[in-house]
Amino acid sequence: MRRIAISVAATSMSVMLAGCGVLNATGSSDDASPSKGNDVTVGLLLPEKANTRYEQFDYPIFKKKVESLTDDRGKVQYANAEASADKQASQLQQMIDDKVDVIVLDAVDAHAIADGVQKAKDAGIPVIAYDRLAEGPIDAYISFDNELVGEVQGRSLLESLGDELSITKKIVMMNGSSTDPNAKQFKAGALSELKGKVTIAKSYDTKDWKPENAEANMAGAIQAIGADDIAAVYSANDGMAGGIVEALQAAGVTELPPITGQDAELAAVQRILVGQQYMSVYKSYPQEAESAAEMAVAKVQGRDIQFDALTRERVDSPTHQDIPAQLVPVVALTKDNIEDTVVADDIYTVEDICTAKYKAACSAAGLK
Ligand code: BGC
C-alpha cells in the first residue's frame, strides 16, 4: 500500500519536474529516449498527396501543436512518401540516422514498414502509428474508429436509396488501397451494413487510393453493369468520389446516383451542396493531429501519466497485442450539418465553400 503511494508520488513529481524542463532523464520507460526539455525533434511520416488531407490539415495542425507544446522550440521533421512504400522506408531510415526523438508514422504499407519500425525501436526511438495501424513494435496508435467509418458510409448509402432500397439494386464498391489496414476496416464496416440489402455488382481495391485509379475502375464498372443500372456507389473516400463522378459524367450520366465519401475535402463538401455526392465522413483533423502531437511530446519528455491518459484504449495489430491507443469519434457529413461540422471546427469558412459557383446552393442549404 505504502509502496504504491510512494511510487505514485514519485511519478507525479517527475511529471512536474519534467514539465519545468528541470529533469533530464527519468529512465522511466525502457523504450523512450531520455526525457528532454522543449528542444525535441519529432519525425512525421505521411503517406501521400493525392488526397488533400495530409498537406492541408494533418501536417500543418500537427506542426503547430508541437510548436505550441514546446514553447516554439520543438521541431517537426516532415516527409511525405507520395504513395511509395520504398520511399517511406528510406524516409524512416533517414529519421533514424538523424536521431530524431520520436517518430509519428502514417504507413503507406502497414506490413512492409514493420522492419523499419523495429529498426527505430532498436535505435531507442519510439514510434507512434498515426491513422493507419503500422505493424511492428509501435508504442501507441492514434486514429478514428475505422470500422465505424465504414458502417456510417454503408448506412448512409442505404438511406440514400430510400423507398427504392431492394436487393435487386446494383451498387459499385470502390474500396481503398490493399496496403492500408484502414481500407479493410472501412470495407468490413460498410459490408456489415450492405450485405443482404443491395447487390454488390462490382467491387475494387484501389491502388494507392488514387482518384484516377478509381476513375478507371468506375469506367470498367459502367461498361460491365451499364450506367443506368448503377443505383449507388460506395466510395471509401472523397478523392475517389471525385474520380467516380468524372467517370459517370464521361459516360453521359447527368443525374448522378448517390455516392459516399470520407475526409470532408472541400471539393466534396461543394459536391454535397449541389447534390453530386450524397455524404462524406467528417473526421476531426484537429483532434487526431493535436492528440498525436501531445502523445509524441509526452513520450519524449517522459510524461508517462499524460501519455497513458492520451492512450486509454487498446488495439491489436497483426504483430502486436494490447497497443495503447486513442480512437477519435467520427460523424456523417451531409447537406444538413456542414455548418455544425467543418465550419464550426474552422476547417473551412463559409466563404471557402460558397464561391460564386455554389452561392445558390449555399443559400438553399441555409449556409451563410
Ligand atoms: C485515411 C483516409 C484517407 C485514405 C487515403 C486512409 O488511411 O484514413 O482518411 O482518405 O487513407 O489517403
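Trainee: Is serine 291 buried or exposed?

Mentor: This is a predicted model, where local features need pLDDT of at least 70, side-chain atom pairs count only at pLDDT 80 or more, and totals for chains, interfaces and linings use all residues. Residues are numbered from 1 along each chain as its sequence is written, and side-chain values use heavy atoms, with hydrogens and water left out. Buried means under 20% relative accessible area, exposed over 50%, and partly exposed in between (1.4 Å probe, protein chains only). Serine 291 has a relative accessible area of 11%, so this residue is buried.

Trainee: Which residue has its backbone oxygen 2.8 Å from a polar atom of the side chain of serine 291?

Mentor: Serine 291 is found in helix α10, residues 285-300. The backbone oxygen at 2.8 Å from a polar atom of its side chain belongs to glutamine 287.

Trainee: How far is an oxygen atom of the ligand from an N or O atom in the side chain of aspartate 131?

Mentor: For arginine 53, a polar side-chain atom lies 2.7 Å from an oxygen atom of the ligand. With the side chain of arginine 132, the N or O atom is 2.8 Å from a ligand oxygen. For aspartate 131, the distance is 2.6 Å.

Trainee: How many residues of the shell around the ligand are charged?

Mentor: Asp, Glu, Lys and Arg count as charged, Ala, Val, Leu, Ile, Met, Phe, Trp, Tyr, Cys and Pro as nonpolar, and the others, Gly among them, as polar. The shell residues divide into three nonpolar and three polar, and the charged ones number seven.

Note on methods:
Polar contact = N/O pair within 3.5 Å; in protein donor to acceptor, adjacent residues only side chain to side chain. Helix = DSSP H or I, 4+ residues; strand = E, 2+ residues; numbered from the N terminus.
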